[in-house]
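Here is a short briefing on one helix and the sheet beside it. Please keep the structure in view while reading.

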Amino acid sequence: MVDARGLICPMPVVMVQKAVKADKPDTLEVLVDNRCAVENVTRFGKNSGYQVAVTEENGDFRLTLTK
């Protein structure tokens, strides 16, 4: 899991890129707290071959990237 709450772009995307490069996970959960990060992480995920599901929980967003 990548917890990027409290960070502004591009840091959430950089953190996800590092996690994908290091572990090559089939599934990765990402927590962010702003829509810009949701859009950018979603774009990165789709460009990297992941399907992306987004849910909102108490003002935070959980993105689930799945191969």
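Which residues of α2 are exposed on the other side? They are R35, K46 and N47. The model is predicted. The points below start with the helix and then turn to the sheet.

**Helix α2: length and ends**
- Helix α2 runs over residues 35-47, and its 13 residues should span 18 Å at 1.5 Å a residue. The end C-alpha atoms are 18 Å apart, which agrees.
- N34 caps the N-terminal end of α2. A side-chain oxygen of N34 lies 3.3 Å from the backbone nitrogen of C36.
- G49 follows α2, and its phi is positive, near 90°.

**Helix α2: buried side**
- A37, V38, V41, T42, F44 and G45 are the buried residues of α2.
- These residues cover an arc of only 165° around the axis, so they sit on the same side of α2.
- An α-helix has 3.6 residues a turn, so residues three or four places apart point the same way.
- The cover over the buried residues includes α1 (11-23), β2 (27-32), β3 (51-57) and β4 (60-66).

**The sheet**
- Four strands form an open sheet in the order β1-β2-β4-β3, with mixed pairing.
- β1 (2-3) and β3 are at the edges, each with a single partner strand, so one side of each has no neighbour in the sheet.
- β3 and β4 run antiparallel and are joined by seven bridges. V52 stands opposite L65 in β4.

**Helices on the sheet**
- α1 packs on the sheet and touches β1, β2 and β4. The direction of α1 makes about 160° with that of β2.
- α2 also packs on the sheet, touching β2, β3 and β4. The direction of α2 makes about 0° with that of β4.

Methods
Residues numbered from 1 in each chain as written. Predicted model: local features only at pLDDT ≥ 70, side-chain atom pairs only at ≥ 80, totals over all residues. Heavy atoms only, no water. Helix = DSSP H or I, 4+ residues; strand = E, 2+ residues; numbered from the N terminus. Expected span 1.5 Å × (residues − 1). Buried < 20%, exposed > 50% of the residue type's maximum accessible area, 1.4 Å probe, protein only. Arc of directions from axis to C-beta. Contact = heavy atoms within 4.5 Å. Polar contact = N/O pair within 3.5 Å; in protein donor to acceptor, adjacent residues only side chain to side chain. Pairing = 2+ DSSP bridges. Axes fitted to C-alpha atoms, helices over the stretch in contact; angles between N-to-C directions.
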